Amino acid sequence: MTTENLKYRYVLFDLDGTIQDSEEGITKSAAYALEKMGINEQDHEKLKRFIGPPLSVSFKEFYGMSDEEAEEGM
């Protein structure tokens, strides 16, 4: 089958809350990464800020990490 026969060439899925609720996975992953970096974040509302923006931006903006620290967190 060639792409000329297809009605759609690409299909995109937005899994960040549109098709599935990814909050638990994102917040637990962020908490785990922070813990490995010596930050024990217990406030779930603060962890929810990781939903949406790139991880590097979140680590730097919310926890004052350097580029190198944000890279390590990722």
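**Exercise 1.** Find which helix holds S58, and work out whether S58 is buried or exposed.

*Solution.* Start with the place: S58 sits in helix α3, residues 55-63 (a helix is a DSSP run of H or I, at least four residues, numbered from the N terminus). This is a predicted model, where local features need pLDDT of at least 70 and side-chain atom pairs count only at pLDDT 80 or more, while totals for chains, interfaces and linings use all residues. Residues are numbered from 1 along each chain as its sequence is written, and side-chain values use heavy atoms, with hydrogens and water left out. Next, check accessibility: S58 has 0% relative accessibility, so it counts as buried (under 20% relative accessible area; exposed is over 50%, partly exposed in between, with a 1.4 Å probe and protein chains only).

**Exercise 2.** Leaving out residues up to four places away in sequence, list what S58 touches.

*Solution.* Look for contacts (heavy atoms within 4.5 Å). You'll get R49, F50, P53 and Y63.

**Exercise 3.** Sort out how F50 pairs with F59 and with Y63.

*Solution.* Ring centres of Phe, Tyr or Trp (its six-membered ring) must lie within 6.5 Å; planes under 30 degrees apart are stacked, over 60 edge-to-face, the rest tilted. The structure holds 3 aromatic pairs. In one of them, F50 and F59 are 5.3 Å centre to centre with 65 degrees between the planes, giving edge-to-face. For F50 and Y63, the centres are 6.2 Å apart and the planes at 25 degrees, so this pair is stacked. It links distant parts of the chain: F50 is in the loop between α2 (44-47) and α3, Y63 in helix α3, 13 residues apart. Finally, F50 and Y63 are both buried.

Methods. Helix = DSSP H or I, 4+ residues; strand = E, 2+ residues; numbered from the N terminus.
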